[in-house]
Amino acid sequence: MKKLVFLTLSVLIALSLALCAFAENGLTGEPPEAPPPAKTAGTLSLLNMTEEEYAVFVEARMRAGDRMIREGYAEVQEGALNAPPEGEPPQGESPEGAPQGEPPKGAMPKGDRGKVVYYDTLDALLMALNAGNIDSIEIFQSVARYLCATNDNLRMGVSYDTDGTMNAFARLIQGGINGNDFAFLMLEDHVALRDEFNAAIADMKADGTLDRLVREQIDDLIDGGEISPVELPRFDGAETIRVAVTGALPPMDYVAADGTPAGFNTAVLAEIGRRTGKNIELAVVDSLGRAAALASGTVDAVFWTRTSDTAREIAAMTEAEQESTAAALEADMTEEEVRLIRSLGERIDFAAYGTSDMPEGTVTTDSYFSDVFVPVELAVSGQQ
Amino acid sequence: MKKFISLLMALIMVFIVAVSAHSQSALAERVYVRGEIREAIDMTEDQLAAIMNESFKNGRNLKLYDMPVHAVLVPPADDDFRLETRFFGSLTEMLLALDAGLIDGACMPEFTAKYLLARNDDLRAGMFEFGNVRESYYLGFYNNAELRDRVNEALSAMKADGTLYALREEYLTAFAADLAPVAFETFEGAQTIRVAVTGDLPPMDYVEEDGSPAGFNTALLSELGKRLEVNIEILNVESSARTISLTTGVADVIFWYLYGENYVVTDREDGIQLSDPYYHLDNWFYIEKKD
């Protein structure tokens, strides 16, 4: 009898403890507190992002991310792996201001920078994601949008609005840290050609051609259009410019299966060719072999995705101008934003970012396109 | 045996009730009354509270004044609550109400919260964990875009040469225990700009006991006066009467703060023009009375 009582009481106690635990977690649906495991991201080697840069980038995204979301610059997919930590939101507008308070304790997971793994081709990157070797892909937003539009099993973790006006902090994060500008890389000897390209690019910006090409070759495509072939200009007796394409960044750097020229970069090139009166020839090159192809003279120009207009502007300033620009920017930021930008600036050399990976003896054109990095993940079934 | 089984059943019932009571208590409601200083312009207390409560319950993004509002409140984990809001015409009124227990928490920008906490042992920073929000501060003018544009020029210059950031550091970030009054330069024959000061946001909008203005806004005005070569006259005005003082011409300039810098219309339909923002703030605190 005593044994029975004892046994029953222990079962009851165990059961009620279990029920309490369930009530804590199961009924309210809250997961137990545990730090998230470090994530592994994959990216393309051709983006030339060092591990330290990646670490700074992840930190910047984490610390700036929630603010970017609140202010409408970014949107996060529910349940996305790379979403900035939740629980920090604010509040409404009124002509007078509104109530807020301190950020929740423990909102920032510490030390969870995650790892980055480099892949040479887009196919290898996607295979690794599908195989579960990496948790996410870090890639340009246009490429991400294209991949997600053409692959049901992928989704974007975070998306950025790059069109609207941005405050000083957002401009620095988007332009300086989160984004790159695209240009053409050439050998120093070809600086005259580079200048011709620059003139054409400037005209294309001014007369809306670049905007049209972005719409036709990127946006419309992502919205369900077809890749349309690009007609390369033919001028009898004119100089031929050979440009390397890799196919690693559709729909910008795109290689059609049958080899017909297509994609945004090609369309931009064709337009430049028309305006400079030069023939354009494309050469498909391994992404790792671009610099060598340029150096050996196999090609005259290469698509280069790591320039930074912001960095270039800063580098062109005198020290006094740099200080004044920094002071003006800081006056337009909150204390926390200033602290964040300063601490990130200590770890990356903003001014050198756009040129630090350029091979010896090369120059770039002005940029013709800008994009930001976003994470792409596997879509859990039922979500997209 | 029967007795034992009845005892067992009773124990099981007790456990079940205890467990469900525990989970039920998570749904019991508690009301938290928050205070804020504002002119009741576009929204009543109930409307604001309703929006905040709804967004809290659903965690949804809302539209407020056609702006996206990410308004999810993070309450203490073991409690559920409903917000009520009370508006006050001045900081003094709000603090009196806090002291009298009429409100649970008084809302204010971080610099004001720190200022008060440093001077009042009976106050503490609130238990609510809200996210920080980027609030921007502007100078307001009425049908005077010309003066506004001149002020903007001076503000840009002050930003570029570091003066504005230095003032901010001195008066708001590392404010001294005693805020020294600020001197104004006078200009013979120049116009006089009357600026409304409320004293409700120390150490930014701050008035000494003897009525003389001090603090960041005053220092900013003094610098603007020098650069524009105008005389500055300070008027003490109640927070609730700020906008009226501007639109009736009692004051030429007032101070405003707004959330959502990118959505702010600087040339408003009601004739009010706003300068470029001269300060941005991260955090608002809830100040509570210590138990």
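Predicted model: local features only at pLDDT ≥ 70, side-chain atom pairs only at ≥ 80, totals over all residues.
1. Residues are numbered from 1 along each chain as its sequence is written, and chains are lettered from A in the order in which they are written. Local features need pLDDT of at least 70, side-chain atom pairs count only at pLDDT 80 or more, totals for linings use all residues, and side-chain values use heavy atoms, without hydrogens and water.

2. The second largest pocket has a volume of about 770 Å³. Among its 30 lining residues, Thr162(A), Asp163(A), Phe369(A), Ser370(A) and Asp371(A) are the closest to the centre. (On a 1 Å grid over the protein atoms alone, a pocket is an open set of points where a 1.4 Å probe fits, with protein on both sides within 12 Å along at least five of seven lines; lining residues have an atom within 4 Å of a point. The volume is the space filled by probe spheres set on the points.)

3. Over all chains there are 31 salt bridges, each a side-chain nitrogen of Lys or Arg within 4 Å of a carboxyl oxygen of Asp or Glu. One of them pairs Arg212(A) with Glu216(A), with the closest N and O atoms 3.3 Å apart. Arg212(A) is partly exposed at 33% relative accessible area, and Glu216(A) is partly exposed at 35%. (Buried means under 20%, exposed over 50%, partly exposed in between, with a 1.4 Å probe and protein chains only.)

4. In chain B, Glu36(B) and Arg34(B) form a salt bridge at 2.3 Å, N to O. Glu36(B) is buried at 1%, and Arg34(B) is buried at 0%.
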